[in-house]
Amino acid sequence: MNNRKLTGGALTRRNALTVALAVGLGFTGVAFGQATTGTIFGTAPSAAGQTVQVTGSGVSRKVTVGQNGRYTVSNLPVGTYTVTLSNNGEVVSTHNNVSIAVGSGTEVDFNTAANAQELSQVQVRANALPSIDVTSVNSSTVITASDLEKLPVGRSAESIALLSPGTVQGSGYFGNAVSFGGSSVAENAYYVNGYNTGEPYRNIGGFQLPYGSIAQQETLTGGFSAKYGRSDGGVISQVGKRGTNEWHFGGQIAWTPRFLRASPKSEYMPTQSLPAGFTHQAGYAPGQLNRYRAHDKGWQTVYSAYVGGPLIKDKLFIFLAAEQTKNKYTSTSSRSLSQVSYYTTHRNKFYGKVDWNIDDNNVLEGTFLQSDYNGSDGTFGTGIGATYNYDYNTLKSGTFNSVNTQSADNAKIMIAHYTSYITDNATLSVLYGKGDFQNPAYWGSNVDPNIGIINNQNRATSYADDASSRTKGLRVDFNYVLGDHNLGVGIDNMTYVAHNQGSFYSGGPGPAELVNPIGAPTDGTRWVYNQASDGTYLVYYLNIESLTSMSMRQKAYYLQDEWQATPNLQLNLGVRNDHYTNYNNNGVPFVDEKNQWEPRLGFSWDVNGDSSFKLYGNAGRYYLALPNNAAERAANASTYVYQYFTYTGIDANGVPTGLTPYAPYTPTLISPDGEYGRAKDPQEVTAANLKAMYIDQYNLGFDKKLGDNWVYGAKLSYRDLKTTIDDECDPTRIAAKIAKMGLNPANYDNSLYGASYCRLINPGKTSIIRVAPNNDPGYLNVPMSTSDWGFLKKPKRTIYSVNLYMEHPFDGKWFGRIDYTWTHARGNTAGQVRPDFGQSDVSKTEDWDSWQLMQGQDGELQNSRKHQIRIRGAYQLTPEWLFSGVALIQSGTPQSCLGYFGPDATGDPTGYNRGSTGNYHWCAGKIVHPGDSFAGHTPWTHQINVGVRYTPAFADHKLAFKLNVFNLLNEQKPVQTEPSFVAAPKTKYNYYHYPLFREPPRYIRLSVSYDY
């Protein structure tokens, strides 16, 4: 579906080592993805009366050692524990300070010193590398609160996730969203304490804990077990801190001052070479300053505090945390707009957690999360503040223009989690949650009446001030250990309800509606003044309105068996079944995808039998649901119409007068996708046999100790997109197939060219399209194959990657890790959203609207980097001073070139160019694939962050002063450029490959904290 965005240039010990190794190697244990707990496992002498008790973090669990000499204590909250072996009630040996990481297993072996009364002396050898977690069948990255204290990392879940191999920063159009393994940024899942907190409308981003409340963050790049699904990209799962039997409190102030922030790089117009027969766009001025940014800086201050401890010792615990972030910035527009905006933003977050140990076998947890945001939505001229005119001759701010539009983005989430350890072998877990989101709301701009005609159009896109979403979810898991089998069964259900989502074009304050000269709906009317290629002055009438409501239900059940097939071999065998249903604004389903079976298989082989060398692998299928946004424009009534006019004048409200349709462009009102505001039939808007999007993924890797202090390994991954969903918008092709069936397509015109003009299909598969006869009930089923649509190729997104790493876990003095990732990612489908020009219509992008739009799109995938090098580490110089660093070095992203179709460089068979910039992968009469020699790549980038921390002894190391430098080299290379090659047929666009987004400038963050 057409929605082209035009930029116009705007814009220490062995126990400590155990968790360190689990974190660094990225092990996952018996839980995956949404896991909030970890596992302690090991061996002990096999004798009657042998028990293992785990105590700590407000938890006490006791299990019996099995006849095979093995024991497992699962579903333990992350934290530090004492593990004790007893024989008929008498303590035999003890391990102290055993730490576990979320989703991983920590091995505690009692066979090595069964008669010792105190084994901590064995455990504390600094040079003793812990055993590798041989219970895992995949890899992930776990970053703990201790890591976050040491490393210079941005204060967001995405910045933490980018420490993981296989992740890349997504397109700047989607904020700071992350791509996993080449998938789009809309294909990930976010969790906090086990509940899905992903952005509920488009599934881009998600709710995150206050930074200081993060106990651990697990980042998975795929390969999780059958217990979890609804992601074919990656998972960001945060576990919040919890109260214990000791009271703790603290606070932090983090300040990023303006004077320690480098200026963004100013932008100059690029030199454009001309192909034969092309002319420059009007106003071509190579080397001219286009966007002055020397003053586009700001400051940030973050205040945070927490308190946690026992309300009733051993029974009832509480943890409370709050965080406030304030930003104040200046942003200068491009020369064409000549404005400067001064704005501030505020975000307040709260996190509260209560843990009640009802008894030794039953635990109830409650979590409350809240985030309130007020400020900018990321576009120019939004935020708490005002916009002024800007003089590019003097490079100074001028007269007042308008008060900025503000946005609000608020969320409240409540989670209840009950766990019952029914027996040593049986565990029941029930989690229920609900979320309320206001995302986002806008309120109006005020206009200074002294600045003349401003067309009453201060904001192009507006949103309902009561836009909201609600979520609720229920998850039930039952685990039973039967001999060598850990059996699991459960359900995983989510419901999403959206109200008044979508957007409309508006004219801002002034008259309630701008005059509509031709009688079409006026809610989304906007006038845009420009010129034709021949210099004729035109006004472009545009009407866009898609405010609507919708809902969605996702249900799943699973079966899982973690089987210790031999002492050295573990097999994970699972299957999951997902059912996705999307409803339109009338509550009628338009997508109902049932019986989506997802096999998940994995193995872990302890090669030497001593946990020093592990070979592991997994294979799985992963389905992805359509978010609520799919109903907007696709299933619910929407308007998208335009027409060009000449005009003779402009009235006092900025509305053109003396209108005459401009026949060379649009002699009549046009909607490229049949969106004239009419209701859509839910039976017609999707293929009758529509299947959910899914991928198949395969991983094979190993982890191996190297001496006593190092570990190294490798992982080979392969992802293959098997089915995708997008809309097609070419009813003439359906008409042609109806004619081939011996029927008259004119008898179906109302259905073919009416409100259901575009239909959701599985490109590459034969789709059964339902069309209604003009005057009769029922539907005609029209089978449309790939060749019927005219597509030359089927959907493809294949990603091969190899990751090599070496790590020195923390030994009380230093730790370090280096990863090299090589990726080969090619295809013609980026995923649910399109990154090159930021189209966020989920599964309704321009892709697959016509075969002409797809020709040449096969090439390198934008959500990938061929080469990536990651380095992170810290050095404890003295007990008071610690130095740290993080580096991410990566090759560039493939660029695109979009123009007019065909060898003559003037074709627009789909009607999407509308006499303006291009949408086809043709440039200068040639097909240009993304990333080929004509389009090229953005340059390599080298992001280096460094930090120093001072914890003075006089304050018992509880007081900390930190200085972190981000982008030490102040490198500001382009990371995404403008793909439009032309401004009109045979007219080279002045902004082709103009930098849209750059690396952020260097900044320094100062902080002071106290933790008691």
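## Two disulfides

Cys897 and Cys923 are joined in a disulfide, with their sulfur atoms 1.9 Å apart. Keep in mind as you look that this is a predicted model. The torsion about the S-S bond of Cys897 and Cys923 is about -120°, so this disulfide is left-handed. The pair links distant parts of the chain: Cys897 sits in the loop between strand S51 (881-890) and strand S52 (922-923), while Cys923 belongs to strand S52, 26 residues apart. Cys897 is buried, at 0% relative accessibility, and Cys923 is buried too, at 1%.

The count comes to two disulfides, and the other one joins Cys729 to Cys758, with an S to S distance of 1.9 Å. With 120° about its S-S bond, the link of Cys729 and Cys758 is right-handed. Cys729 lies in the loop between strand S43 (726-728) and helix H5 (731-740), and Cys758 in the loop between helix H6 (749-752) and strand S44 (759-761), so the pair ties together parts that are 29 residues apart in sequence. Cys729 is buried, with a relative accessible area of 6%, and Cys758 is buried at 5%. Counting bonded cysteines along the chain, the disulfides follow the pattern 1-2, 3-4.

## Aromatic pairs

How many aromatic pairs does the structure hold? There are 35 aromatic pairs. One of them brings together Tyr557 and Trp597: the ring centres are 6.0 Å apart and the planes stand at 85°, so the pair is edge-to-face. Tyr557 lies in strand S33 (residues 548-566) and Trp597 in strand S35 (residues 589-606), so parts that are 40 residues apart in sequence are tied together. Tyr557 is partly exposed at 38% relative accessibility, and Trp597 is partly exposed at 41%.

Tyr718 and Tyr800 have their ring centres 4.8 Å apart and their planes at 40°, so the pair is tilted. This pair also links distant parts of the chain, with Tyr718 in strand S42 (residues 710-723) and Tyr800 in strand S47 (residues 797-808), 82 residues apart. Tyr718 is partly exposed, with a relative accessible area of 22%; Tyr800 is partly exposed at 39%.

One aromatic cluster is formed by Phe278, Phe934, Phe981 and Tyr992.

Rings also meet charged side chains. The charged end of Lys150 sits over the ring of Phe810, 5.1 Å from the ring centre. Over the ring of Tyr1003 you can find the charged end of Arg261, 5.1 Å from the centre of that ring.

Key. Residues numbered from 1 in each chain as written. Predicted model: local features only at pLDDT ≥ 70, side-chain atom pairs only at ≥ 80, totals over all residues. Heavy atoms only, no water. Phe/Tyr/Trp six-rings, centres within 6.5 Å; stacked < 30°, edge-to-face > 60°. Helix = DSSP H or I, 4+ residues; strand = E, 2+ residues; numbered from the N terminus. Buried < 20%, exposed > 50% of the residue type's maximum accessible area, 1.4 Å probe, protein only. Lys NZ or Arg CZ within 6 Å of the ring centre and 35° of its normal. Disulfide = S-S within 2.5 Å.
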